[in-house]
Amino acid sequence: MGEDAGQEKHEKQIHTDFQGDMSYGDYLHLDKILSSQHRLSDHHDEMLFIVIHQTSELWMKLVLHELSAATACIRNNDLEPSFKMLSRVSRIQQQLIQSWGILSTLTPSEYMEFRHMLGRSSGFQSYQNRLIEFVLGNKNERMLAVYRHDADLYGKMQAALNEPSIYDAAIQALASKGIPIDQEALVRDWSQNYQHNDSVEKAWLTVYRDVGQYWDLYELAEKLVDIGSQQQIWRFNHLTTVERIIGHKQGTGGSSGVPYLKRLLDHQFFPELWSLRTKL
């Protein structure tokens, strides 16, 4: 009996009639997903450019899904379920970081063959990336201007701007354990970028100096550090990929390009979780 015949004998239960059943492609709507890559030029490498950005947006959607659920758990003082979600976010971030390496196979000469076709569209306008920054505590109301053309999206972005970040939720969790936190860190204008607070640093120092008593808060802190670190690596790889491909040209969306991305690196997520390390 040949190998193919042997396999066929053991796989008689494979379903082949999908006239009335949902198939893999139906479930995933692959007809829509795989027909959404529309090159505006005839250049071979434009497909790479489109697929990298589309898949990145899908991963960002999952990041937001996990961060939203984790934040809800933290607000409810149910920290343990958030740990799995935050670990997953960190793994997804690694996927996003790796994608820059794939995009960097696009050379400057190749990109310039179709860059003009992008018009004013730019990754700068990625609302999901902006939402991730908001959820992590980097708020900037001025960035909402690029979404005014879409009333529904603009409203969604405004709502996210005014929501407490996951770090705000973590600080509330510190207070709920009886660790002193200044009122200004607990009740503030959530639309403003989070700023370092001495009482928050002292609270996290209390946690790190008594891990046994505050294990859940300690674990939460380390999960947040993982995410903050990965986000900075993603930003850095974004910067180096852009510089490698277009140098210091202005971005298609009008940003300064590399100088803008360099300024982003100056922002640090969850500042007290980094500053406490010097004082331990």
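Me: What's the relative accessible area of Arg-277?
Reply: Arg-277 comes out at 32%, so it counts as partly exposed. For the cut-offs, buried means under 20% relative accessible area, exposed means over 50%, and partly exposed is in between, using a 1.4 Å probe and protein chains only. Bear in mind that this is a predicted model: local features need pLDDT of at least 70, side-chain atom pairs count only at pLDDT 80 or more, and totals for chains, interfaces and linings use all residues. Residues are numbered from 1 along each chain as its sequence is written, and side-chain values use heavy atoms, with hydrogens and water left out.

Me: OK. Which side chain does Arg-277 meet in a salt bridge?
Reply: That's Glu-222, at 2.7 Å from N to O. Arg-277 sits in helix H14 and Glu-222 in helix H12, so the pair ties together parts that are 55 residues apart in sequence. Glu-222 is partly exposed, at 24%. A salt bridge here is a side-chain nitrogen of Lys or Arg within 4 Å of a carboxyl oxygen of Asp or Glu.

Me: Why would such side chains pair up at all?
Reply: Side chains of opposite charge can pair when their charged atoms come close.

Me: How many salt bridges does a search of the whole structure find?
Reply: Eight. One of them joins Glu-133 and Arg-235, with 2.7 Å between N and O. Glu-133 is in helix H7 (residues 127–135) and Arg-235 is in H12, so this pair ties together parts that are 102 residues apart in sequence.

Me: And Glu-133, buried or exposed?
Reply: Buried, with a relative accessible area of 3%. Arg-235 is buried too, at 2%.

Me: What about Lys-279, which side chain does that one meet?
Reply: Lys-279 forms a salt bridge with Glu-201, again listed at 2.7 Å, N to O. This pair links distant parts of the chain, 78 residues apart: Lys-279 belongs to H14 (residues 271–279) and Glu-201 to helix H11. Lys-279 is partly exposed at 47%, while Glu-201 is buried at 5%.

Me: Let's stay with H14. Which of its residues are buried?
Reply: Pro-271, Glu-272, Leu-273 and Leu-276. The buried residues of H14 pack against H9 (166–176), H11 and H12; contact means heavy atoms within 4.5 Å.

Me: At what angle do H11 and H12 pack?
Reply: About 115°, with the axes 9 Å apart; H11 covers residues 198–209 and H12 covers 215–246. Axes are lines fitted to C-alpha atoms, for helices over the stretch in contact, and angles run from 0 to 180 degrees between N-to-C directions. H11 and H12 are therefore roughly perpendicular to each other. On that scale, under 35 degrees is roughly parallel, over 145 roughly antiparallel, 65 to 115 roughly perpendicular, and the rest oblique.

Me: Which residues in H11 and H12 meet?
Reply: Trp-204, Val-207 and Tyr-208 from H11 meet Leu-217, Tyr-218, Ala-221 and Glu-222 from H12. By class, that contact has six nonpolar residues, one charged and no polar. Ala, Val, Leu, Ile, Met, Phe, Trp, Tyr, Cys and Pro count as nonpolar, Asp, Glu, Lys and Arg as charged, and the others, Gly among them, as polar.

Me: Switching to backbone. What's phi of Phe-270?
Reply: Near 50°, a positive value in a residue other than glycine. Phe-270 lies in the loop between helix H13 (258–264) and H14, and it is buried at 2%.

Me: And phi of His-29, what's that near?
Reply: His-29 has a positive phi near 55°, and it isn't glycine either. It is found in the loop between H2 (24–28) and H3 (30–33) and is partly exposed at 42%.

Me: Last one, zooming out. How many helices and strands does the chain have?
Reply: There are 14 helices and zero strands. Helices (H or I, at least four residues) and strands (E, at least two) are DSSP runs, numbered from the N terminus. Of the 280 residues in the chain, 42% are buried. The C-alpha trace spans about 70 × 55 × 35 Å along its principal axes.
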